[in-house]
Amino acid sequence: MPNLPAPYVSPWKELARNLRALWADLGLRGQELWRRNREGDLSVPGFWPNNLLPWFWPAVLALVLAALVSAGVLLMPPPPEAVNPSPPPPVAIRELPAPDPIPEEEPVVIIPEPEPPPPLRIDPLLELFLDGSAPEDLLLAAQPDGVNNRLELRLAESWWDLPEARRQELAMEWQARCADLGYGELRLLARDDQLIGRSARVGSGMILFNNVAPA
């Protein structure tokens, strides 16, 4: 069978998708740094008290910002001195006839245009999984659980319309992406919080439950 030509993918669309994924990854890295700093996981000097570990790096950042602001104020040029201009020569004033009264016009009422609705914002963590590999509207939400080092994906009812082999393939792809993000466990939940899949606790791979949709 001859090879069919690959479908055309717009480079601008790929660039926009990569930028969104980069922004989402930066947001997740920032959340991870904030969490590690709050838990006292970041390295600090030995003289710093243990009960004030989460405040070391915010204090350093505040000092750096204060130093930059002070340096900017010192480098600003002084304002120019005001120069008093010489007074202009007197001008002869000639009286002009009073203008004709302008007829009053009816006030014009301007109705403001309604403001457009705010743009739809997508969860940056969920956006990392919306790469086109899964059917549209299949993934509903992505909720991290930092305490248990776990990620939960909530799926729509269309999950049960997929063949069993396709469901297993998607679950394995999501588990690999979950491991790349640093989570140790992946759980798949239905809309009603029913557990339909999780990472294997012995060995590797995904275990899927309820091979048929609930009645």
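Which residues of α4 are buried? In this predicted model, the buried residues of α4 are R167, L170, A171, W174, Q175 and C178. They cover an arc of only 140° around the axis, which places them on the same side of α4.

**The chain as a whole**

- The protein chain contains four helices and five strands.
- Read from the N terminus, its elements follow the order α-α-α-β-β-α-β-β-β.
- The protein chain has 215 residues, of which 21% count as buried.
- When contacts between residues at least 6 apart in sequence are considered, 45% of them join residues at least 24 apart.

**The sheet**

- Five strands form an open sheet in the order β1-β2-β3-β4-β5, and the pairing is mixed.
- Strands β1 and β5 stand at the edges with a single partner strand each, so one side of each has no neighbour in the sheet.
- From one strand to the next, the twist averages 15°.
- Strands β2 and β3 run parallel and are joined by five bridges. Within this pair, R154 has L189 in β3 as its bridge partner.
- Strands β3 and β4 pair in the antiparallel sense over three bridges. Here L189 has L195 in β4 as its bridge partner.
- Strands β4 and β5 also pair in the antiparallel sense, and three bridges link them. In this pair, S199 stands opposite M206 in β5.
- Four of the five residues of β4 are buried, so this strand is largely enclosed by the rest of the structure.

**Hairpins and positive phi values**

- A hairpin is formed by β3 and β4, with five residues between them.
- D193 lies in the loop between β3 and β4. Its phi is near 65°, a positive value in a residue other than glycine.
- D193 is exposed, with a relative accessible area of 51%.
- A hairpin is also formed by β4 and β5, with six residues between them. In its turn, G203 has a positive phi of about 80°.
- N149 is found in the loop between β1 and β2. Its phi is near 50°, which is positive although the residue is not glycine.
- N149 is partly exposed, and its relative accessible area is 37%.
- These values may be read against a general rule: most residues other than glycine have a negative phi.

**Helix α4**

- Helix α4 spans residues 164-180 and has 17 residues.
- The distance from its first C-alpha to its last is 25 Å, close to the 24 Å expected at 1.5 Å a residue.
- The cover over the buried residues of α4 includes β1 (139-145), β2 (150-155), β3 (185-189), β4 (195-199) and β5 (206-208).
- The face of α4 turned away from its buried side carries the exposed residues A165 and D180.
- Just after α4, G182 takes a positive phi of about 100°.

**The largest nonpolar core**

- The largest nonpolar core has 27 residues, and those that touch the most other members are L153, W159, W174, L186 and L188.
- Two or more residues of this core come from each of α1 (11-38), α3 (124-127), β1, β2, α4, β3 and β5.
- Helix α4 supplies the largest share of this core, four residues.
- Leaving aside neighbours within four places in sequence, W159 is in contact with L138, R167, L170, W174, L188, I196 and L208.
- Among these partners of W159 are R167, L170 and W174, which are also buried residues of α4.

**A buried glutamate in the sheet**

- E152 lies in strand β2.
- E152 is buried, with a relative accessible area of 15%, because buried means under 20% relative accessible area.
- With neighbours within four places in sequence left aside, E152 is in contact with A141, A142, Q143, R187 and L189.
- L189, one of these contacts, is also the bridge partner of R154.

Conventions
Residues numbered from 1 in each chain as written. Predicted model: local features only at pLDDT ≥ 70, side-chain atom pairs only at ≥ 80, totals over all residues. Heavy atoms only, no water. Expected span 1.5 Å × (residues − 1). Buried < 20%, exposed > 50% of the residue type's maximum accessible area, 1.4 Å probe, protein only. Arc of directions from axis to C-beta. Contact = heavy atoms within 4.5 Å. Core = buried A, V, L, I, M, F, W, Y, C linked by side-chain atoms within 4.5 Å. Pairing = 2+ DSSP bridges. Axes fitted to C-alpha atoms, helices over the stretch in contact; angles between N-to-C directions.
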